[in-house]
Amino acid sequence: MSDSAKLIIDGKEHLFPIVKGTQGERAIDITGLREQAGLITLDTSLGNTGSCLSRITYIDGEKGILLYRGYPIEELAEKSTFVETAYLLIHGELPAKDELSVFSNRLNESSLIHEDMRHFFVAFPKYAHPMGILATMVASLSTFYPVPDIMDPDAEEQFMANLISQVRTVAAFSYKKSIGEPTVYPSFKLRYVENFLNMMFSSPVKDYRQDPDIVRAVELFLILHADHEQNCSASTVRLVGSSLSNIYSVISAGISALWGPRHGGANQEVIHMLEHILATGADPKGFINRAKNKTSKERLMGFGHRVYKSFDPRAKILKQACHKLLNKPGVSNPLFDIALKIEELALKDEYFVERNLYPNVDFYSGLILKAVGIPYDMFTVLFAIGRVPGWLAQWREMVHTASFKIVRPRQVYIGQSKRHYEPIDKRISRKQG
Ligand code: SDX
């Protein structure tokens, strides 16, 4: 196999090294391209461009493989917890008992938000989308917990704990605000997921009974969403972080990128799609045909992926979890039946087959959250809670790389050539009528 790539431009040869990853993927390192050849590359959605060397998460899109720090997602989903997986992603190794205990206690110690931040919730409109609240509140954490030196290791451990723990608290508080109930504080007595469910669903007049199946389903959801290499929101975190902006603004930027329906917002769209089919009695086949029709704005939400050109392994795990959670005795779930039907039809339809469009993590995840009782507009918030450790791991890897620089892509300009200012009375209006 070649260890370099040759480019011939205007009759001149330019050689560039080929970088090889530990799992065999290869990349042409064009770091010196502009200096050597006076050109840049153009790859508008960066689908063919590696932005970094990373040790955190490995995806094989063709084989449907996902590894967090080398551990298969299937094993972590079955055997790990979200807090342990968060430690693994950030620190690179599974924690020993004492390490996990220190990490877990720090999360507990950091679970409260400053009491003055509660006033923010009064100002938000009742119908405020919780992702808007989350992005705002996380950015505001920088004013309550300023970080003088973002490169100080002790400060790093603390602000990471703040973010992993307080994102969960803010999410639960925003839900209580939306239903007009008093907020429920986090408790040292409860583990991460139970704490979240208790803050969400208990109240001064009734305790929340923790159902082990529900707790496990949420734990699984968070583990599966914890990282996914250089996805849109992780790349946003790296880009904003490269200016050395404060970590809370960096994570808030990640939350904002995740909100989009092409990214983390898809899980909420999938449920709306399934509910629409159920409510109207529409034939799933008809819906799939509309999703294939270029003139219709509709897409088959929860299907397709920039990297996976086979089944997203997370979708497989979530589908099994749906069978377990939704097929409890006496529990029927027509939405799950519709989802299974859509998957069956799409995977046999040549439009989807020839474009390698398979269910992604969002296709079944909403069904799990609905079964847990999470309101639809909180679905992407749960995705964000899960993804915070991954964003922090990506940010930490970048800033701990000796040569890291501010990320500043180039462009190819296709606008007007140089021209001169005209007085307004010499200008002709381009608006007709
Ligand atoms: C996540 O990057 C990550 O890792 C993200 C994520 C993570 O963990 O961080 O995995 C989480 O964001 C999962 C994706 C959730 N989004 C959706 O489910 C929304 C629906 N999916 C699509 O919008 C789309 O598949 C994307 C955005 C996910 C991927 O888009 P790409 O890679 O830019 O692919 P594309 O738009 O170029 O599509 C290629 C073709 C096009 O048709 P042609 O122009 O070739 O004829 O496939 C078609 C698209 O029209 N297509 C779809 C489709 N997805 C792609 N057609 C119908 N329904 C769809 N869902």
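Student: Which helix does Asp98 lie in?

Tutor: Asp98 is part of helix H4, residues 97-109. Helices here are DSSP runs of H or I with at least four residues, numbered from the N terminus. Bear in mind that this is a predicted model, where local features need pLDDT of at least 70 and side-chain atom pairs count only at pLDDT 80 or more, while totals for chains, interfaces and linings use all residues. Residues are numbered from 1 along each chain as its sequence is written, and side-chain values use heavy atoms, with hydrogens and water left out.

Student: What makes Asp98 exposed?

Tutor: Exposed means over 50% relative accessible area, buried under 20%, partly exposed in between (1.4 Å probe, protein chains only). Asp98 has 54%, so Asp98 counts as exposed.

Student: Why are H12 and H15 called roughly perpendicular?

Tutor: H12 (residues 266-280) and H15 (residues 334-346) pack at about 100 degrees, with axes 10 Å apart. Axes are lines fitted to C-alpha atoms over the stretch in contact, with angles from 0 to 180 degrees between N-to-C directions. Angles under 35 degrees are roughly parallel, over 145 roughly antiparallel, 65 to 115 roughly perpendicular and the rest oblique. The pair is therefore roughly perpendicular.

Student: How do you know that H11 is mostly covered?

Tutor: Of the 12 residues in H11, 10 are buried, including Ile247, Tyr248 and Leu258.

Student: What covers the buried residues of H11?

Tutor: Helices H6, H7, H10 and H18 are among the elements covering them; contact means heavy atoms within 4.5 Å.

Conventions
Helices (H or I, at least four residues) and strands (E, at least two) are DSSP runs, numbered from the N terminus.
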